[in-house]
Structure formats: structure tokens, C-alpha cells
Amino acid sequence: MTREPSPDAGPPTRAADLRLAGEWLARHDLAGARPTPLLASRLVVRRQARLAAHVILGVLIIASALASVAFLGPQPQHPLQLPALTVVVAGLLLAQSLLDWWVRRVDQRAGATLSRRAAHLIQPGWRAVLGRPYAVFTVATFAGAMALTGSALAVPDPTVRRPAVVLLIGMLGATAIFALQLRHLLRHPVVAEDEESLTADVIMRVEDARVLATPNVQWSLPMVLLFGTAPGWWSAASVAYLLLGLVAFIALNTRTPSSATVARQAMSNR
């Protein structure tokens, strides 16, 4: 990544963005590579997209909590809450799709400015990007959250079953958003001009996949919607689910190789 940008590469990159790109390279054992406007602009877009994705999930949690408030009494006060929540989930899915499209569009424009492409480009699969340990953890987390949802739906008390329906809609929405983001990570084209920028591209994918595997919604929604109103055994199960998930997540982050190591392994297997 030592090539100077071409004159038509777009607006000049801010010095602060280049400095942050240099720090990012140093953190990932690529200190010998010089930060380029291409890398700096991609990192900026990536940070903005990650923030927007967190906002989308936050809106999902808040909307689910508001919909659940209507079911705290013995009779539902707002029968349109569930259709409204479904519309909100559909809107969030659309927002996530547009966000992924925007990132792909920016990458395509960045790739169009390259005078050359790295030889032997790779399109890393889920084993390289997410990894088997994170994939197992993600599936187990979703399965545990859905098991909690199903057990709440089986409770005959309407004050538990109604929020459980809200929880089910929220969990299905979170699952669909996760699937959209993972599909984007696996399928959007690689943008690289040499071996170093190709390594950086894979590192960014691995980092994004690990952030995506953080089960914020799966841990938050059951506690927000049902904790305190569900039976004691359900509350105990939800706390156990949360604590076991935290222990597994901490162990996963401390024992798995770094994103830079995973990227180099993927590069060596080309």
C-alpha cells in the first residue's frame, strides 16, 4: 500500500484519517505499510457503518420495549402495537440493506480508482471471516434466546405470553439483520491493489464479523421485556443464559487468534 493516489481518486483525505489509518496498521502488525487514502477512506466508512448498525439494533430494542409496555395490564391496551412493531422491524431491515448497499457503493468507487489490482484476489468464506468457534457461539446464542422465548410463550399467564410475542418478533428481526450483515461481509467484493491492502481487507472483514457476533440484542431483549414479570424459573434461566454467554464470549475473545493472524492464515491458504 505504498502507491500514491491517482489525481482522480476523489476528495483529499484528511490528515486525521490518515493518522488513524496508520495507527490501525500498527495495531495489526502492518506498521511497515504506509497508510493510503484508500485505506483511510474505507476505515472511515466502516466506522460510520458500524455506528449506524448499532443505532439500528438500539431502535429495535427500544421499539420492542415500547410495544411490550402495552401488554403489562390484564388486557392489551393497544392492539395495533404488534403490527406496528412488525412494520418497524421491516423498516430496520430495509435500513440495514441500504446501509450495506452504501458501503458496497463506496468500495466500488474506491476500487475504480485503482490503477492495478492485487494478483490472486481471494473471496474469504465464513470459516475465514467468522471462524468455526464464533459461528458455534453465535448459533448457540441464538438458540438459547429462542429457547427462552419459546418457554415464555408456553406460560399460560397472558401477562407473560403477550410480551413473549413481542420478544419473538424482536428476535426474528435481530436474526434477519444479522443474516443481512453476514451476507454483506461474505459477498461484497475485495478492494485491494497489493498484498498489504489485500491483508488489510481480510482483517477488516474478520473484525467486523467478530463485532457482529457480539449478541447485544440476544442478551438484552429477554431481560428488558420479561425479567421481573415471568415466573421465577424463567428469570433464573435467563440470568444463567446471560452469565454463561458472557463467560463463553470472554473466553472466545481471549483464546482465539487475532484478526491479523486469521487474515494471514487465509492469505497463506490461497
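Two residues are taken to be in contact when heavy atoms of theirs lie within 4.5 Å. In the present structure, which is a predicted model, this criterion can be applied to Gln218, which, once its neighbours within four places in sequence are set aside, is in contact with Thr141, Phe142, Ala145, Met171, Ala174 and Tyr241. Gln218 itself belongs to helix 8, and because its relative accessibility of 6% falls under the limit of 20%, Gln218 counts as buried.

The protein chain as a whole contains 10 helices and 0 strands, so that its pattern, read along the sequence, is α-α-α-α-α-α-α-α-α-α. Of the 270 residues in the protein chain, 46% are buried. Among the contacts in the protein chain with a separation of 6 or more, 80% are accounted for by residues 24 or more positions apart.

Aromatic side chains were considered next. A pair of aromatic rings is described by the distance of the centres and the angle of the planes. The structure holds 3 aromatic pairs. In one of them, formed by Trp219 and Phe249, the ring centres are 6.0 Å apart and the planes stand at 90°, and because this angle is over 60 degrees the pair is classed as edge-to-face. Since Trp219 is located in helix 8 (residues 216-226) and Phe249 in helix 9 (residues 232-255), the pair ties together parts that are 30 residues apart in sequence. Both partners fall under the 20% limit and therefore count as buried, Trp219 with a relative accessibility of 12% and Phe249 with one of 16%. Together with Phe137, the residues Trp219 and Phe249 form one aromatic cluster.

The empty space within the model was then examined. Rolling a probe the size of a water molecule over the atoms shows where empty space is left. The count of cavities of 30 Å³ or more comes to 2, and the largest cavity holds about 580 Å³ of space. This largest cavity is lined by 35 residues, of which Ala53, Gln181, Leu185, Asp208 and Leu212 are the closest to its centre. At least two lining residues each are supplied by helix 2 (37-69), helix 3 (81-112), helix 5, helix 6 (158-187), helix 7 and helix 8, and with 8 residues helix 2 gives the most to the lining of the largest cavity. When sorted by class, the residues that line the largest cavity comprise 17 nonpolar, 10 polar and 8 charged ones.

Several single positions complete the description. Ala95 has its place in helix 3, and its relative accessible area of 30%, which lies between the limits of 20% and 50%, is the reason why Ala95 is described as partly exposed. Between Ala95 and Ala53 there are 42 residues of separation in sequence, while their C-alpha atoms are 9.0 Å apart in space. Ser258 occupies the loop between helix 9 and helix 10 and is likewise partly exposed, with a relative accessible area of 36%. The C-alpha atoms of Ser258 and Val206 are 9.1 Å apart in space, although the two residues are 52 residues apart in sequence.

The backbone at Asp29 also deserves mention. Most residues other than glycine have a negative phi, and most peptide bonds are trans. Asp29 is found in the loop between helix 1 (15-27) and helix 2, and because its relative accessibility of 57% is over the limit of 50%, Asp29 counts as exposed.

Terms used. Residues are numbered from 1 along each chain as its sequence is written. This is a predicted model: local features need pLDDT of at least 70, side-chain atom pairs count only at pLDDT 80 or more; totals for chains, interfaces and linings use all residues. Side-chain values use heavy atoms; hydrogens and water are left out. Rings of Phe, Tyr and Trp (its six-membered ring) pair if their centres lie within 6.5 Å; planes under 30 degrees apart count as stacked, over 60 as edge-to-face and the rest as tilted. Helices (H or I, at least four residues) and strands (E, at least two) are DSSP runs, numbered from the N terminus. Buried means under 20% relative accessible area, exposed over 50%, partly exposed in between (1.4 Å probe, protein chains only). On a 1 Å grid over the protein atoms alone, a cavity is a set of points where a 1.4 Å probe fits but cannot get out, and a pocket is an open set with protein on both sides within 12 Å along at least five of seven lines; lining residues have an atom within 4 Å of a point. Grid points are joined across faces, edges and corners, and a volume is the space filled by probe spheres set on the points. Ala, Val, Leu, Ile, Met, Phe, Trp, Tyr, Cys and Pro count as nonpolar, Asp, Glu, Lys and Arg as charged, and the others, Gly among them, as polar.
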